[in-house]
Amino acid sequence: MTEDADVLMERVRARDADAFEALYDAHHRLVYGVALRMLGDASGAEDVTQAVFIKVWTSPELFRGGNFGAWIVRIARNRALDVLRSRATRGESELPETLPETDSIESVAFAHIDAQYVRSALAELPGEQREPIELGFFGGITHEEIARRSGIPLGTVKTRIRSGLRKLRTVLDRTVTA
Amino acid sequence: MSDQPYHEMLDDVALYALGTLPAADAQRVRAHIESCAECRAEYAALAPAAALVGVTAETVGDLANCPGTLLKPRIMREIRKTAATPASAPARELRSPARVPVWPAYLVAAACIAIAIATSLYNVTLTTQLRDVQNKLAASTTRSSQLAGNLADERSTISEIMSADSKRFTGNLGEVIANGSKLYVAMHDLPAAPRGKVYQAWTLAKGAKDMAPSLTFVPDSRGVAIVALPVDARLTDTVAVSVEPEGGSKAPTSKPVLVVPLN
């Protein structure tokens, strides 16, 4: 998936509509799914999906390598956050759209981009770690808001998110190498 | 940041990777990561795990939670407006890199000289003309394939809205068609939207007081637009269309060009 996406993005930079269509076919459900989960309505999710893919077409230089799936998830979340912000005043941060150095686990997981596979990994986390991670990612709220809503001390929320992400990383390492 | 205990700093790096830090804190952590190798390594370890959380939302195999069938044709129509000509972008070779043969200038010159020696200028002209015709034919063939694909997408929608089971509600410049739970707006003779503006559909759910924003769209060159609305027709009382700024509005900002009660 990664190599193909890299090749396809090269062709998108050369204004190749067929390459763009192949990228759309491979990733539109992922983008739409993230937007739908965050916004909760199909109309908004379609608008975000359209905006994300138009951005891929008009600004392909923003993808600077790494895993395309991981990158487009970040773009989708940030655009959905824009919509949430327009609906109510929010101050949460966006995901950084530039990726850290290519990561083997991320590449393998996205290469087999299987939602159920990652869902299982996430389900292995204790609820006290999984819930703030999901709330933070899909709810688009800050850790301070998570602490306020759940009545858990701020420091505890921070520690649980970090512990959860580390454990998720470990679970994915184990699953991918199994 | 430097006064912050190290474990708290690592916690903040995790929050930054997940995207849950307030903007000001995110900026502070981003700057710190640039200068701290340990935190940079922590971020590199956690960012992939955070991004993968998004994968759990993918709607594979769940048709009820998939985008409408008209979304892809709508996006592709926009894309093809600025796509390269097919001759410079070979189609249907998505598994291999696009290899567009580019001859160095000196080779082209050498080839031209060789041809000039071996043949008359008249023949060179014919060869060039033949190549032009071949390129135009290739472009026309690819364009025909694209149009056929779009036509297939639109035909499936049209067959639904033309079904004898569909209920039609006519309004100014168009009509609303309900087929079971599905709902379509079919506009005709719609003038092009002013620069920076689009048309936006609105739906009023039964029992609701306010119109809810729906999809934005633009008509084609004939003034025709067919839009599948992502609401349940059986639960919808009224459909409207108005001109709105690009990106759409949360509430109508202009007088609707179409208002159709579904009863």
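What share of the contacts in chain A with a separation of 6 or more comes from residues 24 or more positions apart? It is 67%. Two residues count as in contact if their C-beta atoms, placed from the backbone, lie within 7 Å.

Before going on, the conventions. This is a predicted model, in which local features need pLDDT of at least 70 and side-chain atom pairs count only at pLDDT 80 or more, while totals for chains, interfaces and linings use all residues. Residues are numbered from 1 along each chain as its sequence is written, and chains are lettered from A and ligands numbered from 1 in the order in which they are written.

Chain A, then. It has 9 helices and 0 strands; helices (H or I, at least four residues) and strands (E, at least two) are DSSP runs, numbered from the N terminus. Of its 178 residues, 51% are buried. Buried means 20 or more other C-beta atoms within 10 Å of the residue's own, exposed means 12 or fewer, and partly exposed is in between, again with C-beta atoms placed from the backbone.

One residue as an example: A:Val83, in helix H4 of chain A. With 19 other C-beta atoms within 10 Å, A:Val83 is partly exposed. Leaving out residues up to four places away in sequence, A:Val83 touches A:Leu39, A:Gly44 and A:Val48. Its C-alpha atom is 9.6 Å from that of A:Ala45, 38 residues apart along the chain.

Next, the interface. Here 69 residues of chain A are in contact with 58 residues of chain B. On the chain A side, H2(A) gives the largest share, 15 residues. By class that side has 34 nonpolar, 11 polar and 24 charged residues. Nonpolar covers Ala, Val, Leu, Ile, Met, Phe, Trp, Tyr, Cys and Pro; charged covers Asp, Glu, Lys and Arg; the others, Gly among them, are polar.

Now over to chain B. In its helix H4, residues 71-81, the residues B:Leu71, B:Lys72, B:Ile75, B:Met76 and B:Ile79 are buried. Seen down the axis of H4(B), they fall within an arc of 115 degrees, so they line one face of the helix; the arc is taken over directions from the helix axis to the C-beta atoms. Their cover includes H2 and H3 of chain A.

Last, a strand. S6 of chain B, residues 225-229, has 4 of its 5 residues buried, so it is largely enclosed by the rest of the structure. Strand S3(B), residues 182-187, runs antiparallel to S6(B), joined by 5 bridges. Across that pairing, B:Tyr184 stands opposite B:Ala228.

How values were computed. Two strands pair if DSSP finds at least two bridges between them.
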